[in-house]
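Subject: Structure handover

Hello,

Please find the structure below. My notes on it follow, for use when you open the file.

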Amino acid sequence: MNDTQTPLRLGTRRSKLAMAQSGQVAQAVRELTGRPVELVEITTYGDVSREHLAQIGGTGVFVSALRDALLAGDIDFAVHSLKDLPTGQPEELALAAIPRREDPRDALVARDGLTFAQLPAGARVGTGSPRRMAQLNAWARELGKDIETVPIRGNIDTRLGFVASGELDAVVLAAAGLTRIGRLADVSELLAPDHVLPAPGQGALAIECAATNAPLAATLAELDDPYTRAAVTAERSLLAALEAGCSAPVGALADLLADGQVTEMRLRGVVGTVDGKTLVQLSTTGPVPSSGEEAVAMGRELAAAMLDKGAAGLMGERAH
Ligand SMILES: NCc1[nH]cc(CCC(=O)O)c1CC(=O)O
């Protein structure tokens, strides 16, 4: 079994985004180990369902089939978009590496290259995410105009197609996904986190293997970026402490404040109603967490402060 020429099997969804992410990690693992890595394509419930994600209601629809394959021993490791991972890590699976994250921001792709401020009143903006709807509606209100948020889903190309066809004035997508599939040039504006906080973990990847496969977990751990792990751990702890799921209107972003050298980490969080009429937005700054526990504590503290300000009442039905 220690044969260095035995291929490592990397399970992946078939979407263009998943294939791009998996291809990138496969190459990094080949370089790291000198072993061949083969991609094993797996279809997930999130890929075949025609229902809106919010209606499916559960977290993790994209990840469960990959996890099943890991536990069955059909694949050796898997790559997920971290923001699609439910917050409770199953004991049987090791979150072996979180590589350095891409740009975590959301991006506006609008007709004629319009920015958000340039969209006319009544503009139709596509997004299926309550988090994006809440913050976009709040921002539009600040600018003194109303927009219409239109629920859409589908892969990135499908979503971009709504703008190309003229059906929508704009769509909002994660910049990281657009970068990974080579469509960053379509972006008309990268949305400032002061206006739109991304989903917890957005732009980061999670590399998972069976917890029992300690040698592989140790090898994959070399792809880990400690700063990214600290940041996304704090963001996901905030999400978990708010008892919200991936379809809840919760945004969070931890970033490092550097002054020559990295000194502190700031964590910002937002919860709001989908109409954007009420937002609870808070931030906290502290030393860069030096352990998972410290990062978790930072997220919990901010969540407690947000709950004090009424966050629970804004989340509507809990996803779980
Ligand atoms: N919800 C689906 C999903 N999961 C990860 C990404 C983008 C890449 C990332 O955030 O890592 C996307 C698409 C999007 O939100 O635009």
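Val 271 is in contact with Leu 242, Pro 249, Val 250, Val 280, Met 306, Ala 311, Leu 314 and Met 315, leaving aside its neighbours within four places in sequence. Contact here means that the C-beta atoms of two residues, placed from the backbone, lie within 7 Å. The model is a predicted one: local features need pLDDT of at least 70, side-chain atom pairs count only at pLDDT 80 or more, and totals for chains, interfaces and linings use all residues. Residues are numbered from 1 along each chain as its sequence is written.

Val 271 also belongs to the largest nonpolar core, which has 85 residues; Val 271, Ala 170, Ile 207, Leu 238 and Leu 242 have the most contacts inside it. Such a core is a set of buried Ala, Val, Leu, Ile, Met, Phe, Trp, Tyr and Cys residues joined through C-beta atoms within 7 Å. Helix α9 (residues 226-241) gives the largest share of this core, seven residues. A residue is buried if 20 or more other C-beta atoms lie within 10 Å of its own, exposed if 12 or fewer, and partly exposed in between, with C-beta atoms placed from the backbone.

Helix α9 also holds Arg 229. Arg 229 counts as buried because it has 22 C-beta neighbours inside 10 Å. Neighbours within four places in sequence aside, Arg 229 is in contact with Ile 98 and Asp 224. From Gly 201 it is 28 residues away in sequence and 9.3 Å away in space, C-alpha to C-alpha.

As for the ligand, the residues around it are Ser 81, Lys 83, Asp 84, Leu 173, Ala 174, Ala 176, Gly 177, Gln 202 and Gly 203 (C-beta atom, placed from the backbone, within 6 Å of the molecule). The elements β8 (170-174) and α7 (175-180) each give two or more residues to this shell. At least three residues of the shell come from each of domain 1 (8-99 + 204-224) and domain 2 (106-190), with bounds from an automatic or database domain assignment.

For the protein as a whole, the secondary structure comes to 10 helices and 13 strands; these are DSSP runs (helices H or I, at least four residues; strands E, at least two), numbered from the N terminus. Buried residues make up 45% of the 320 residues. Of the contacts with a separation of 6 or more, 74% are between residues 24 or more positions apart.

Regards
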